[in-house]
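Reader: Could you walk me through this one? I'd like to start with the overall make-up and then go into the packing.

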Amino acid sequence: MSNLSAACKMLPHSIRSELKSQEVFGLLDDSSIRFARSPSGTSGDLSFTLKGTHSCRVEYWAEDPNGRPAPTAPMTLNCPNDGQTTAIKLTADGLVAGIPLTFRITVWPKTLNALSGFPLEFREGVQNLDKVQAGFLVIARYVAPRQSNEIYSYQLAKTATLSEVKAKMSATYDQDEATQCSETAPPSDPPFPRLSSAEDAQKRPLHGLSEVSTDGFGRAMATQHPFFSTRLVQFYEGIERQQNWVWKFKWEGAPASFESFPPGYIANLSTIDAENKTVVLRNRALSNVIPSVDVGAKSFRLTPSILYPTEISRYELVIKTADASRTVLRCQYTIDQETLVIPDDHYQKLAAGEYLATFVFETNQIHFKDGAAYPPWLITAQDWIHFKINKKM
């Protein structure tokens, strides 16, 4: 989803041609309709207010055949039938994150039946990134293993659409291929990088950004970076994975706020060693004792469990020499694979010995509001797990 505020914007209503619009609007306050996704993106609450104790029901379906419920098999939710409730709140479960829904609310007076109902259709809002242009961005880079967040502004070389910004964040490999491996490491700098030169303050001022704080997923005030005056940093003592991220700040002195989804993360990563034992991998710090897994002549399998309510930027396995001085293999995967395997033609090139492996998962999301005084935000999040492999022939 492009607009990640808690209440999704809706497109114009589509009314059945034989019904007058004022008939349905006489029973339902259309301005009260909201659909708010959960942090995981797999469920959400639809709420609206009736203009009286009328009867109603809701049908909904995904707009893409890959979503749930399928367009050919809509789900139905019945409103409370207690003769008292006018503030309706219904929960839609089992959804696919990122695929919008279409809803049809049917309302009818209690003196009639459902066949006489007045329907109103709307779709979960997806804003058109091709139409939104930006001269610069506010960028937040969250690193999950360190529970830290760095925030800075980035002046674009020229005005670009948010579609172009998102394209730069997308994986750079052919996602039609399940696995793509390379023995040459690509440039390590991410898109829209931070500057570290002596001219940092002149090249990247914070523009109008000040007094940044977050709540929900992570609570902290942003402070000035200890080394660079044009960057802000946050450190979270704890996180609440089931909470949305609440961002508060001032832009040119005016207070503003918005909500975004929490970042994606690796919930679990496991493999089976050469002795057919399951090994659960959790290490996220190179300073700790890194677990070592004995693997054989055939490529080992990794089974990740991840949560990703946002767009995927990177989903890859990086193999380095034991001292981490050189990358010898990098394999990128598509998100739909339940188990990840290094293709045999690449695995066989690894000589016997010890290697440092890192499973990397990165997501991003863009937030903007129509007519807002502040620029778009690009929020990225990276999680990883380190482990060693000891290849035996």
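Author: What follows goes from the whole chain to its cores, strands, rings and loops. This is a predicted model, in which local features need pLDDT of at least 70 and side-chain atom pairs count only at pLDDT 80 or more, while totals for chains, interfaces and linings use all residues. Residues are numbered from 1 along each chain as its sequence is written, and side-chain values use heavy atoms, with hydrogens and water left out.

Reader: How many helices and strands are there in the protein chain?

Author: The protein chain has four helices and 25 strands, where helices (H or I, at least four residues) and strands (E, at least two) are DSSP runs numbered from the N terminus.

Reader: And what share of the residues is buried?

Author: Of the 393 residues in the protein chain, 48% are buried, buried being under 20% relative accessible area, exposed over 50%, and partly exposed in between (1.4 Å probe, protein chains only). Taking contact as heavy atoms within 4.5 Å, 69% of the contacts between residues at least 6 apart in sequence join residues at least 24 apart.

Reader: Which residues touch the most other members in the largest nonpolar core?

Author: They are F300, L317, I319, I342 and F387, out of 28 residues in that core; a nonpolar core is a set of buried Ala, Val, Leu, Ile, Met, Phe, Trp, Tyr and Cys residues joined through side-chain atoms within 4.5 Å. Among the strands that each supply at least two residues of this core are β17 (265-272), β20 (301-307), β21 (311-321) and β25 (377-391). Apart from it lies another core, of 26 residues, which includes L28, L50, Y60 and F103.

Reader: What is F387 in contact with, neighbours within four places aside?

Author: F387 is in contact with L269, L281, I290, P291, F300, L302, L317, Y355, L356 and A357.

Reader: Which sheet does β18 belong to?

Author: β18 is in an open sheet of four strands with the order β18-β17-β20-β23 and antiparallel pairing, where two strands pair if DSSP finds at least two bridges between them. Its edge strands are β18 and β23 (340-341), each pairing on one side only, and four bridges join β17 to β18.

Reader: Switching to β3, why is it called largely enclosed?

Author: Strand β3 (residues 55-62) is largely enclosed by the rest of the structure because seven of its eight residues are buried. β3 pairs in the antiparallel sense with β6 (residues 101-108) over eight bridges, and R57 has T106 as its bridge partner there. With β4 (residues 75-78), β3 also pairs in the antiparallel sense, over four bridges, and V58 stands opposite L77.

Reader: How many aromatic pairs turn up?

Author: A search of the whole structure finds 21, counting rings of Phe, Tyr and Trp (its six-membered ring) whose centres lie within 6.5 Å, with planes under 30 degrees apart stacked, over 60 edge-to-face and the rest tilted. The F249 and F258 rings have centres 6.1 Å apart and planes at 70°, so this pair is edge-to-face. F258 and Y374 form a stacked pair, 6.3 Å centre to centre with 20° between the planes, and this pair links distant parts of the chain, 116 residues apart.

Reader: Where do charges sit over rings?

Author: The charged end of R241 sits over the ring of Y265, 3.7 Å from its centre, and K391 lies over the face of Y347 at 4.2 Å from the ring centre. The criterion is NZ of Lys or CZ of Arg within 6 Å of the ring centre and within 35 degrees of the ring normal.
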